Amino acid sequence: MIGEAMGDEIDQRHFEADHFSQFRARLEEETHQLESLFKYNQFSQRGDILGFELEVCIIDQDGKPSGINRSFLDQLNNPLVVPELAEFNVELNGSPVAVTGRVFSRLLDELTTTWHECVQTADELDVRLTTIGILPTIEPSLLNSNHMSDMVRYYALNDRVMGLRDGEPLQIEIDGHETLAMRHGDVMLESAATSFQIHLQCKPDRATRDFNAALVASGPMVALSANSPSLFGKFLWEETRIPLFEQSVQLGDRYLPRVGFGSGYANESLSEVFRENQRDHVLLLPYVQSDPVMNFAHLRFQNGTIWRWNRPLIGFDYDGQPHVRIEHRVVPAGPTCLDCIANLAMFTGLLRALSDATPPVAQVLSFEQVRENFYAAARDGLSATFHWTDGRSVNARELILEVLLPASREALFGIPIPKEEVNRFLDVVTERVESNQTGAQWQRQWLDNHDRDLAGLTRRYADLQATEKPVHEWPLA
């Protein structure tokens with residue numbers, strides 16, 4: 001999850017006082033310039049364009065992490081596949097695709113093609129690949145700088161986080177079905193959490209509504225996609241990845257959380273989020289660059305070290321025009337390529353339905369209610385209780401089946417996306433929720449049936465993933 005956050009590699013690990021002052025001045029200048037772009041609507045008018053990042057674990061034949069990502073990437077030689085924080089992770093990227101026609105099939109075709117190339121390379125290196133929120137066989141002893149990918153930015157980030165903590169170890173406390181309490185000496189703990197990050201480039205006139213709708217969608221999306229029920233052998237939350245990531249890069253009580261749900265809805269424009277980044281968050285990596293102001297290099301770098309679960313990003317079209325996109329980070333990796341793209345389809349339709357509702361749902365549900373929905377979903381999955389627009393509390397599974405799936409389907413039909421295309425992917429989500437077999441539920445039940453055999457679970461998961469059948473069809477034997 002940290003891998004995407006800071007973009008390209010940097011060439012220095014340590015920073016002096018003048019780096020901080022120079023970076024701060026350039027960040028202020030770029031933030032002011034960005035506010036002008038929002039004020040005068042000077043962004044690219046292209047929009048409704050989807051992309052994704054899928055984080056993948058490399059495992060050996062016994063189901064244990066295998067730290068060979070550099071050898072793997074060198075042999076694969078595919079620009080869509082890049083390193084992640086740990087040497088046993090890589091990230092698969094998708095090319096941007098307009099939300100029209102057979103958009104989800106196109107995304108699935110590309111992802112499946114990349115995945116098959118990766119699997120072939122893994123076979124040649126006698127390892128396997130798996131997409132799962134938290135790898136069941138990960139151990140604390142592997143989560144240290146000895147197993148960090150060989151990129152300067154990761155070491156610099158770890159130095160800075162631990163420096164701001166005065167060397168005080170990170171404290172992890174997760175109270176779920178069971179309880180985990182531990183201390184850890186660096187940010188590598190974060191690499192245990194892997195996700196499927198959805199990117200939506202927005203048309204500028206609806207970017208604020210889309211961002212707020214993404215916040216509202218977060219709880220339901222976590223509930224229907226949960227795939228991280230355990231950590232270090234303990235049953236915790238349905239989506240344990242959420243509290244794990246939030247606690248694994250904490251800077252201490254003196255500073256605002258670096259990972260979280262945010263401080264509120266956006267009101268007038270998304271420039272409010274970038275101004276908050278500049279004003280309220282300590283600089284982590286003051287990497288000074290020579291780029292012109294309109295490249296927003298320092299603003300993007302600062303934004304890349306603040307990991308909101310829904311994060312606005314500034315990017316550039318092929319012709320250099322700046323654009324705004326939303327990175328929806330709440331969905332875990334896996335279980336299969338089809339499950340991932342089905343989740344993406346659900347998010348696309350749900351966001352459009354929530355954003356286009358009259359009044360927008362973000363005007364009916366308070367930010368506090370939406371945030372409570374998100375953490376309830378992370379704890380309890382489809383069993384969570386949500387606040388909803390009619391003022392009542394409702395079961396997550398019931399809300400998704402009776403309200404949100406039909407709304408997503410109708411919104412996609414209206415874009416328009418062909419009916420057979422919509423049904424192909426949303427039916428996967430429907431059947432998963434109806435059967436109550438998310439990846440998290442499957443993992444938990446399998447472990448209950450097999451004496452918590454974590455290595456056996458990982459191997460079985462990889463075997464079933466290789467069938468390419470969605471998780472709701474997986475047997476428990």
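The model is a predicted one: local features need pLDDT of at least 70, side-chain atom pairs count only at pLDDT 80 or more, and totals for chains, interfaces and linings use all residues. Residues are numbered from 1 along each chain as its sequence is written, and side-chain values use heavy atoms, with hydrogens and water left out.

Let's start with the salt bridges. Side chains of opposite charge can pair when their charged atoms come close. Here a salt bridge is a side-chain nitrogen of Lys or Arg within 4 Å of a carboxyl oxygen of Asp or Glu, and by that rule there are 26 of them. Among them are these pairs:

| Glu238 | Arg444 | 2.3 Å |

Take Glu238 and Arg444, joined by a salt bridge. Glu238 sits in the loop between β10 and α7 (241-248) and Arg444 in helix α14 (residues 439-449), so this pair ties together parts that are 206 residues apart in sequence. Helices (H or I, at least four residues) and strands (E, at least two) are DSSP runs, numbered from the N terminus. Both Glu238 and Arg444 are buried, where buried means under 20% relative accessible area, exposed over 50%, and partly exposed in between (1.4 Å probe, protein chains only).

Glu276 is buried at 15%, and Arg308 is buried at 7%.

Salt bridges also form a network, linking Asp48, Arg206, Asp210, Arg352 and Asp356.

Next up is Asp317, in the loop between β13 (310-316) and β14 (322-328). Asp317 has 11% relative accessibility, so it counts as buried. Its side chain makes a polar contact of 2.8 Å with that of His323 and another of 3.2 Å with that of Gln201. A polar contact is a pair of N or O atoms within 3.5 Å; within protein, one must be able to donate a hydrogen and the other to accept it, and residues adjacent in sequence count only if both atoms are side-chain atoms.

Finally, Phe232 is in the loop between β9 (230-231) and β10 (234-235).
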